[in-house]
Amino acid sequence: MRELEGYWIEAGRAEVAAIAALAPVDADAFIEWFEALEHNGAGQHDPLFDWLAESATFDEMRWFLEQEVAGEAGFDDLVALTQVKLTPAQAKLELARNYWDEMGRGNIRGMHGPMLGVLVDDLELVPTIEATVWQSLALANTMAAFATTRRYAWASIGALGVIELTAPGRSAKTAAGLRRLGLTDRQRRYFDLHAVLDVKHSQDWNREVLRPILAAHPDAPRLIAEGALMRLRCGEACFAAYRAHLWGQPKRMTIAA
């Protein structure tokens, strides 16, 4: 499985290599390039999310959430794994602060994972591999591979950073759809929180993680760019698969070999 994982990640790197090679090496220019991914990156502002906010039925929203839960790799754990032996210290400290926020700053009621768990329990979501589109599983597995394999540490930094950068808009649209369908503040809390909190997390990540790493590690820009671009492409593939299921003729989705 580790060998197959390596082939999967290296194939993804090859697909984005040409674009990643264009990323600037200067810190200011790189961060400008990185932040522009929120506007021009793969899968950004997909029409799926306006539809979720304005038109999806309860059952359609439930199916979407079940797919998302199945593909949730656990941002807190990914951050924890990525920070191992990370340098410089400024970047490691920001990952620690980010993790502490994910952990509710020591308060179980503020932990992000259990917030999503409330929605899972209340809507009786039961994610399974067999019922999940393979693109969602591929996204989760890509993030796990980045965080657990040290040669992909910079890719993990890029992928996690681009999640913080792009999640607020999608979270806000999802929260709006849940509100329209009558879900409570408590049930919407996970998405309401990330629609706001991740804006600050992204600003902090770019300033306290990307900038010091770029200054200390000349080899990092291209690899960080690869991780960000691969994460966006995985998301784009998910959104397309979701739309094909929700907007097209229902069909059985198979797991990629």
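Is K85 buried or exposed? In this predicted model, K85 is exposed, with a relative accessible area of 76%.

## The loop between α5 and α6

K85 is placed in the loop between α5 and α6, and its phi is near 60°, a positive value in a residue other than glycine.

As background to both features, most residues other than glycine have a negative phi, and most peptide bonds are trans.

## The loop between α7 and α8

A positive phi is also found at E124, where the value is about 55° although the residue is not a glycine. E124 has its place in the loop between α7 (112-122) and α8 (134-148), and with a relative accessible area of 60% E124 is exposed.

## A buried asparagine and an exposed tyrosine

N98 belongs to helix α6, which covers residues 89-102. Because its relative accessibility is 0%, and buried means under 20%, N98 counts as buried. When the neighbours within four places in sequence are left aside, the residues in contact with N98 are F75, V79, E164, H201 and W205.

Y7, by contrast, counts as exposed, because its relative accessibility of 57% lies over the 50% cut-off. Y7 is part of helix α1 (residues 2-20), and between Y7 and D76 there are 26 Å in space, taken from C-alpha to C-alpha, for a separation of 69 residues in sequence.

## The cavity and its lining

Rolling a probe the size of a water molecule over the atoms shows where empty space is left. In this structure there is one cavity of 30 Å³ or more, and the space in the largest cavity comes to about 30 Å³.

The lining of the largest cavity is made up of A42, G43, Q44, R170, R231, L232, G235, E236 and F239. Helix α11, which spans residues 220-247, gives the most to this lining, with five residues. By residue class, the lining divides into three nonpolar, three polar and three charged residues.

Methods. Residues numbered from 1 in each chain as written. Predicted model: local features only at pLDDT ≥ 70, side-chain atom pairs only at ≥ 80, totals over all residues. Heavy atoms only, no water. Helix = DSSP H or I, 4+ residues; strand = E, 2+ residues; numbered from the N terminus. Buried < 20%, exposed > 50% of the residue type's maximum accessible area, 1.4 Å probe, protein only. Contact = heavy atoms within 4.5 Å. 1 Å grid on protein atoms, 1.4 Å probe; cavity = no way out; pocket = protein on both sides within 12 Å on 5 of 7 lines; lining within 4 Å. Points joined across faces, edges and corners; volume = space filled by probe spheres on them. Nonpolar A, V, L, I, M, F, W, Y, C, P; charged D, E, K, R; others polar.
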